[in-house]
Amino acid sequence: MTPSPRLLQHTPARSLSEVYRTLQQAPLETIEELKAFYRKELNEVRGGDRMQRIQMRLRRAYADGIPFKACVMGHRGVGKSTEISRLLAHVRDQFRAIRFSAMTALDPGNFRALDVLLLMMAEVTERTARPVDQGGAGKRPSDQRLREIWDWFATETEMRSQAQDAAMQLEAGAGLPADSLWGKVLGLFANLKSEIKFAATRKVEVVEYRISRLIKLIDIANALLDECNQHLRSASGHEWLFVGEDFDRAGIPTERTEELFVTYANLFQDLRTHLIFTLPIGLYYSSAAPRLPFPMDCSFVIPDTPVYDPHHKLNRPGSLAVGKVLQARMDLNLFEKNQWLRVAIASGGNLRDLFALVNYAADTAQLRAAAQISATDLDAAIVNLRSDYERRLGQSPYDREVVTYDHKVDRMKRIYAGDQEAQMTDPVMYSLLNSRAVQEFNGQRWFGLHPMVVDILGRQGHLEADGQGRFPGGTI
């Protein structure tokens with residue numbers, strides 16, 4: 001996954017007109033971005049740095065020559081991709097990352113497990129051939145490896161014909177010999193990657209025929225991975241590390257992730273390569289969890305950042321940690337007195353919510369030609385985001401399980417009251433976690449309600465206000 005083109009300012013915003021340039025809803029990807037904006041305080045209040053553990057395990061795997069395979073999970077807005085970027089920066093002396101997103105490299109609604117394997121084969125083949133100064137090994141896979149790939153598609157005459165047409169164009173542009181095996185395989189991979197991105201349009205019988213020959217393809221892939229890894233290690237001392245992300249995004253149907261990580265779990269277990277994938281946390285908590293290809297000690301959950309404690313008292317370290325993130329991206333003097341703390345609390349420690357709130361409030365302030373974000377500006381942002389949370393608490397025809405609002409309210413009230421049994425995972429809890437109404441924290445592993453949801457339940461008469469008319473654990 002190459003860094004996405006965007007206008008991200010690497011210095012804190014000094015005026016409201018610059019806020020949108022530093023508070024963008026995208027993960028940090030480059031070393032420059034991490035240096036500018038990453039703040040370690042978040043992991044300190046979350047109960048530890050999971051990436052340090054993965055880094056240690058990766059270095060052991062490098063030394064021992066054993067593939068390391070892990071999954072990373074976390075609810076939306078906790079910063080999984082940013083944490084992975086930081087990990088890759090720390091291990092760049094030993095690993096070259098091949099990073100891809102399920103949302104852009106695959107067809108999110110229609111991909112099959114086979115597509116992931118073919119994509120990995122295409123990427124490692126092409127990247128190994130790149131010059132060393134461009135992150136490759138400066139050496140192509142052998143003709144034997146290329147022939148095995150080409151021959152696996154022997155019966156797909158249409159695919160091979162299209163690949164040869166693409167090869168002719170590649171050969172003409174690169175000065176390759178006519179009808180070279182390398183050109184044909186590159187053409188094959190180019191067509192495959194295009195097909196994979198638009199998987200809904202391909203013929204079912206073609207896909208099923210390929211899947212019936214998956215075991216043979218895994219053998220071919222392992223021989224390719226072994227050779228490419230050897231080339232890279234000889235050239236620069238690095239090994240390839242695959243990172244598959246966004247498999248937990250809302251746009252991916254549950255049946256696609258279950259097929260990939262449960263039905264075809266052996267795919268990950270059999271591949272001889274280092275890999276890290278992001279998984280839907282609901283799958284990790286489901287009855288299918290024992291069949292996942294990643295053992296418990298290689299499964300890492302990034303929890304939410306607490307701004308309150310289990311008793312609805314302000315968690316000052318957590319709130320200040322969120323403030324540190326905000327301070328790295330903008331001058332806190334752009335807020336009127338105490339307003340930056342209000343927004344940190346209102347966000348529930350969720351970075352997506354934090355950025356959404358501040359951007360909305362900053363735009364509101366600019367519309368009235370103000371130089372600072374006022375309480376009124378922030379009130380408008382909170383009302384806007386709270387409305388979004390209200391919509392998420394309702395029912396949708398796209399929900400996999402039918403969970404009524406009454407059931408949700410009952411569970412949320414019990415969680416708010418600290419009922420331990422209410423924290424057991426079931427369809428109601430999955431629904432609340434997916435909507436981000438309920439947050440999951442580390443330490444003693446406890447659950448709490450997002451401050452926006454506390455407000456909603458309080459206004460509906462489900463929670464009691466304190467002496468000042470506020471609902472403990474809500475926005476302030």
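How many cavities of 30 Å³ or more does the count come to?

Author: The model is a predicted one. The count comes to one cavity of 30 Å³ or more. About 30 Å³ of space lies in the largest cavity. Its lining is made up of His75, Ile281, Gly282, Tyr285, Tyr430, Leu433 and Asn434. Two elements, α14 (281-284) and α20 (427-434), each give two or more residues to this lining. The largest share comes from α20, with three residues. By residue class, the lining of the largest cavity holds four nonpolar and three polar residues, and no charged ones.

The open spaces can be described in the same terms, taking the second largest pocket. About 780 Å³ of space lies in this pocket. Its lining has 35 residues, and those closest to the pocket centre are Ala26, Pro27, Ser81, Thr82 and Arg352. Elements that each supply at least two lining residues are α3 (41-46), α5 (80-90), α15 (316-329) and α17 (351-367). Of the lining of the second largest pocket, α5 provides the largest share, four residues.

Val91 sits in the loop between α5 and β2 (95-101). Val91 has a relative accessible area of 0%, so Val91 counts as buried. Leaving aside residues up to four places away in sequence, Val91 touches Gln55, Leu58 and Arg59. As a distance across the model, Val91 and Ala369 are 46 Å apart from C-alpha to C-alpha, with a sequence separation of 278 residues.

Charged side chains can also be followed through their pairings. Side chains of opposite charge can pair when their charged atoms come close. The structure holds 33 salt bridges. One of them joins Arg202 and Glu195, at 3.1 Å from N to O. Both of these residues, Arg202 and Glu195, are buried. They also belong to a network of salt bridges that links Asp115, Glu156, Glu195, Arg202 and Arg210.

In the salt bridge between Arg249 and Asp246, the closest N and O atoms are 3.6 Å apart. Arg249 has a relative accessibility of 34%, so Arg249 counts as partly exposed. Asp246 counts as buried because its relative accessible area is 14%, and the cut-off for buried is under 20%.

The other pair is Asp377 and Arg368, whose side chains meet in a salt bridge at 2.7 Å, N to O. Asp377 is buried because its relative accessibility is 2%. Arg368 has a relative accessible area of 43%, so Arg368 counts as partly exposed; exposed would need over 50%.

Technical notes
Residues are numbered from 1 along each chain as its sequence is written. This is a predicted model: local features need pLDDT of at least 70, side-chain atom pairs count only at pLDDT 80 or more; totals for chains, interfaces and linings use all residues. Side-chain values use heavy atoms; hydrogens and water are left out. On a 1 Å grid over the protein atoms alone, a cavity is a set of points where a 1.4 Å probe fits but cannot get out, and a pocket is an open set with protein on both sides within 12 Å along at least five of seven lines; lining residues have an atom within 4 Å of a point. Grid points are joined across faces, edges and corners, and a volume is the space filled by probe spheres set on the points. Ala, Val, Leu, Ile, Met, Phe, Trp, Tyr, Cys and Pro count as nonpolar, Asp, Glu, Lys and Arg as charged, and the others, Gly among them, as polar. A salt bridge is a side-chain nitrogen of Lys or Arg within 4 Å of a carboxyl oxygen of Asp or Glu. Buried means under 20% relative accessible area, exposed over 50%, partly exposed in between (1.4 Å probe, protein chains only). Contact means heavy atoms within 4.5 Å.
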